[in-house]
Amino acid sequence: MDWGMKNRFSQIIRPGTGRCVMLAVDHGYFLGPTERLENPRETIEPLLNLADSLMLTRGVLRSSVSPESNTPIVLRVSGGSSIIGEDLSKETITTSIDEAIRLNASCLALSIFIGSKYEFQTLKNLSKLVNEGEKYGIPVLAVTAVGKEMARDSRYLGLACRIAAELGAHVVKTYHCADFRKVVDGCPVPVIIAGGKKLPERDALSLTADAIQDGASGVDMGRNIWQSDNPVAMIKAVRAIVHENYNAQQAYDLFSELSGLKSTQKRVR
Ligand code: R5P
């Protein structure tokens with residue numbers, strides 16, 4: 001890695017610990033005005049300084065984030081399909097490298113759809129993006145998107161993550177699953193997890209703690225943070241797991257304390 005690439009990468013994955021808390025607010029690119037992300041500025045503002053980096057599209061970046069913010073940007077540059085469209089996997093690269101540089105992106109993010117009708121197209125997109133990113137020292141995050149018909153198991157996710165890394169992704173986002181250690185061990189670059197659909201906070205914190213214990217480098221989490229009734233407390237609890245090695249119960253206690261709830265369970269995992 002050259003200096004620029006290393007510098008940007010270290011803004012995404014903390015040097016020394018290799019951990020990261022990335023806040024995902026890119027959902028609108030195919031879901032439209034997702035619940036509690038209808039007004040992105042309102043959702044993002046209280047969380048911005050608590051995230052190590054922010055993942056979003058150029059549209060939301062320009063309209064809803066102050067250019068004076070110091071939070072590193074992970075720019076989603078793939079899209080082209082919607083939740084009601086023909087096929088979600090039919091994505092292209094939507095944002096040029098020149099635009100990403102103008103927007104001072106620290107990382108570029110793109111989805112791949114392994115096993116889908118448009119697998120080839122999305123892997124071609126990834127390869128192209130890595131080539132562009134390498135030219136200018138910008139790392140690439142590959143998002144292993146999972147179609148409804150795909151099993152979220154270690155065999156499938158391991159395959160998707162490995163292919164992403166082989167094509168040159170610098171970091172890979174996937175989902176936690178049983179035998180997640182196999183996914184991490186089979187992927188030569190850092191693996192971070194998405195939170196997925198909103199869960200009760202205790203379950204989302206357990207998922208995070210399990211993933212970290214199984215070797216994940218951190219999270220790229222959205223709905224389980226900003227769809228919580230207490231998003232600030234939630235991101236702080238997630239941070240405590242990722243950066244301070246809290247277990248799930250300790251993190252839930254912290255969440256409860258910060259949100260004015262009382263932790264009722266004393267169990268420590
Ligand atoms: C999905 O493709 C989006 O890129 C989201 O960024 C990703 O799923 C993470 O968000 P969540 O934790 O809400 O699943």
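The model is predicted, so to speak, with local features needing pLDDT of at least 70 and side-chain atom pairs counting only at pLDDT 80 or more, while totals for chains, interfaces and linings use all residues. Residues are numbered from 1 along each chain as its sequence is written, and side-chain values use heavy atoms, with hydrogens and water left out.

**Exercise 1.** Determine which residues surround the ligand and are closest.

*Solution.* Begin with the surroundings: 14 residues surround the ligand, and the closest are Asp-26, His-27, Lys-173, Gly-196 and Arg-223, where a residue counts as near if one of its heavy atoms lies within 4 Å. Next, turn to the ligand's oxygen atoms: one is 3.0 Å from an N or O atom in the side chain of Arg-76, and one is 2.9 Å from a polar backbone atom of Gly-222.

**Exercise 2.** Classify the packing of helix 9 against helix 11 by angle.

*Solution.* Helix 9 (residues 201-213) and helix 11 (residues 231-244) pack at an angle of about 20°, with axes 9 Å apart. Because angles under 35 degrees count as roughly parallel, over 145 as roughly antiparallel, 65 to 115 as roughly perpendicular and the rest as oblique, helix 9 is roughly parallel to helix 11. Axes are lines fitted to C-alpha atoms, for helices over the stretch in contact, and angles run from 0 to 180 degrees between N-to-C directions; helices are DSSP runs (H or I) of at least four residues, numbered from the N terminus.

**Exercise 3.** Classify the packing of helix 11 against helix 12 by angle, then describe the contact.

*Solution.* The axes of helix 11 and helix 12 come within 8 Å and cross at roughly 155°, which means that helix 11 is roughly antiparallel to helix 12. The contact (heavy atoms within 4.5 Å) joins Ala-233, Met-234, Lys-236, Ala-237, Ala-240 and Ile-241 of helix 11 to Ala-251, Leu-254, Phe-255 and Leu-258 of helix 12.

**Exercise 4.** Classify how helix 9 meets helix 12 (residues 248-258).

*Solution.* The axes of these two helices come within 9 Å and cross at roughly 140°, which makes helix 9 oblique to helix 12. On the helix 9 side, Glu-201, Arg-202, Leu-205, Ser-206 and Ala-209 meet Ala-248, Gln-249, Ala-251, Tyr-252 and Phe-255 in helix 12.

Terms used. Polar contact = N/O pair within 3.5 Å; in protein donor to acceptor, adjacent residues only side chain to side chain.
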